[in-house]
Structures are given as C-alpha cells and as structure tokens.
Amino acid sequence: MMRTLALVLGVVLAAGLAEPAHAQTRVRVGWCARTVSAAATPFAVATKLGWFKQDGIEVELVSLPGSTDCVKTVATKEVAFALPSVEPLAIGRPQGIRGKIFYTAYQGNIYGIAVPVDSPAHKVADLKGKNIGVISMSSAGVIVARALVATAGLDPNRDVNIVVAGEGAQTAAMLRNKSVDALSQFDTQYAMVENAGMRLRVLDTKDIDRFPSNGFLALEETLRTRRAEAVALARGYAKGTIFAVHNPEAAVRILYEVFPQTKPTGKDDATAIRDDVRVVQARAANWRLEKAGVKRWGENSEANYAAYVEFMLKWGILKEKVPAADLVTNELIGEINTFDPAKIAAEAKAYK
C-alpha cells in the first residue's frame, strides 16, 4: 500500500515538475495596422513550424492603428514589443521614450506616395490641393507624406489634405470614387489595393529609398530584463522571413492556418493564394539584407538610420537631432543569428 502511494505521489510530483519545461511565455507584440495581413507570414511560419516554441515563447499579435500607437503602447508597457517604423520613435525619444529598435525587419523603405495608374499626377508637386489617403492618422504614412510634400516645395499644412482611407478594398473604393487622389501607405497595402482592382503607380521615392522602415522595438529596460524573449522573438521572425522569401505560397497557406481571419472571403483558394503571394513578394523586396548592405538578419545600419534622422530634421519632422545610437542597438544581433539561414531556405523550398 505504501509502495503504491509512493508511486502515485512520484508520478504526480514528476508531472508537476515537468510542467515548467513545456510552459511557453506569452509575448504580446504590437502589429502596427488594424488588419493582420500576408505581411505577417514570418510570424505564422515561426508559429506553425515550432520555432517560437523551441525558444520558449508563444507570440500574440496585438493589432494597433499604426506605428505611432505601437510606440506609445510600448512606452506605456501595454505591450513589451512592437514592430513600428522608426519615425515615431525618433519623435518620441527626446520626449523621454527610452526604447530602441533591436532588429530591423524592413531594411528598405516600404513607404511612398502612390496614385492611380491613370492619374495626371506624375510628381509629388502635382498633388497640390489634393487629398492623400493614409491607413490611419497614427500611421507613419502621415509623417512620410508630410516630409515628401515638403521636399516637393509644398506646405504640408496648407497645400494637401491628409485623410483616412482605410486598408485594402476600402482604400481602393475611395480611390475609385475620387474621395482621395493619392495614397501615403506602404508596399503590402499597395499590393492589396491592386488585388482589389485598382492599379497604382508609385511616384518617385529616390529621396527615401535607402532609409530603413520597421523594426522590433522594446524599452531599454525590457531588453535588459527580458532579453531571452527579445532574442527568441527576433530569431523566430528571421527564420520565418527567410522561409517566406523562398516559398511564399507555402507561407501564405500557413498564414491562413495560423491566422484564419487573414484568408479573404469571396475568392476561391487559388485566387486568394495568388493575391496574397503578391503581397508577400511586395514586402520581400524590403526584407532582403542587400537593401541596406548588411550581412546579418535584423542588423541595424546606423549609417542609414543617421541619414534618415538628417532627412527628417531637414524637412521639419524632427525638431531636434537624435543620434542613431539612441534609436537602435545591435547588441542582440549575434545571438539572434545563431541559426543556419541556408538550412531554413532549403526547408522552405522542400516544404509541402
């Protein structure tokens, strides 16, 4: 009897002790758009293939209206991490936001002003008196639009109207009915607008092409106290990015499985997958390391960030200069890159 009781207690105790080894830390990540789209394929792939789990985390995406909200939400500690563009951080840093981008996800600029393909506007200066649509007023598209309008010699406060045009099909409808004349959104949104039947033409973006866009942001305090989670998040995302670049169709199928709400309604599977592959490919151009001349996934080019700060300062987006070293850190990059990119690429190509 005593032997049986001891055996039962041993099993119970072992089960209790074993539990923490399998527990996953839930990591909430600010997704800086109202809609989770095919741009989130790296998160989906890392979830499906167990890469987040291997490193002890479970990722929850928290949809927010735009990058400004993402930065604010990190600053108030409502989420530990977010994936915003750098402009709101550069604006907020002098105001006391002690956060840094520890992984540049989009090495090239994803923003720019687009117009319908048959628009009479062929340069930004042609938009004087026009309505420019953004996904939300907290989107970095607002900041970028104001800067590009200024570079064209226009007054962003008087010469254009910046209005909310929503996302995807809603944006396409507003262009179609002339509620807006141009868009200041980004690569994947433009692909979704075109999927909705509205062909676009992006105006000259040479002034901002080399500037970085979005990256993983956390408070400096968080990077000290939750370093392992930050590394796990970025490492899984990096692997998912490589997979999506090398097999976008499989990445989209996984996206629909992990985030069912992303699967379009009113389309057959082949059309839905084709359209979302186009969205992934639009983003892939800016995921690639060559875009910034870096060698490691997530590496932050301080030179490119510094150049962007100078641009924002010149055109009135920033009121004071912010050192690039106050915006980014490469401290975690070596640890994040402890995997074989070629192996991930091969897995992606072979995935069925």
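**From the sheet to the core**

In this predicted model, I132 has I162 as its bridge partner in β7. The strands involved are β6 (residues 131–134) and β7, which run parallel and are joined by 4 bridges.

This pair belongs to an open sheet of 5 strands with mixed pairing, ordered β7-β6-β8-β5-β9. The edges are taken by β7 (161–164) and β9 (200–202); each has a single partner strand, so one side of each has no neighbour in the sheet. From one strand to the next, the twist averages 35°.

Helices pack on this sheet. Helix α6 (residues 140–151) lies across β5 (111–116), β6, β7 and β8 (182–186), and its direction is at about 80° to β5. Helix α8 (residues 187–195) touches β5, β8 and β9, and makes an angle of about 125° with β8.

In soluble globular proteins, nonpolar side chains tend to be buried together. Here the largest nonpolar core has 118 residues, and W31, F43, F102, Y103 and F216 have the most contacts inside it. Helix α10 (residues 227–246) supplies the largest share of this core, 11 residues. Another core, of 11 residues, lies apart from it and includes A172, L183, Y190 and M198.

The last stop is T329, in the loop between α13 (302–314) and α14 (333–336). Is T329 buried or exposed? T329 counts as buried because its relative accessibility is 13%, below the 20% cut-off. Its side chain reaches the backbone nitrogen of E331 at 3.1 Å. Leaving aside residues up to four places away in sequence, T329 touches K100, I101, F102, L223 and N300.

Definitions and conventions
Residues are numbered from 1 along each chain as its sequence is written. This is a predicted model: local features need pLDDT of at least 70, side-chain atom pairs count only at pLDDT 80 or more; totals for chains, interfaces and linings use all residues. Side-chain values use heavy atoms; hydrogens and water are left out. A nonpolar core is a set of buried Ala, Val, Leu, Ile, Met, Phe, Trp, Tyr and Cys residues joined through side-chain atoms within 4.5 Å. Buried means under 20% relative accessible area, exposed over 50%, partly exposed in between (1.4 Å probe, protein chains only). Helices (H or I, at least four residues) and strands (E, at least two) are DSSP runs, numbered from the N terminus. A polar contact is a pair of N or O atoms within 3.5 Å; within protein, one must be able to donate a hydrogen and the other to accept it, and residues adjacent in sequence count only if both atoms are side-chain atoms. Contact means heavy atoms within 4.5 Å. Two strands pair if DSSP finds at least two bridges between them. Axes are lines fitted to C-alpha atoms, for helices over the stretch in contact, and angles run from 0 to 180 degrees between N-to-C directions.
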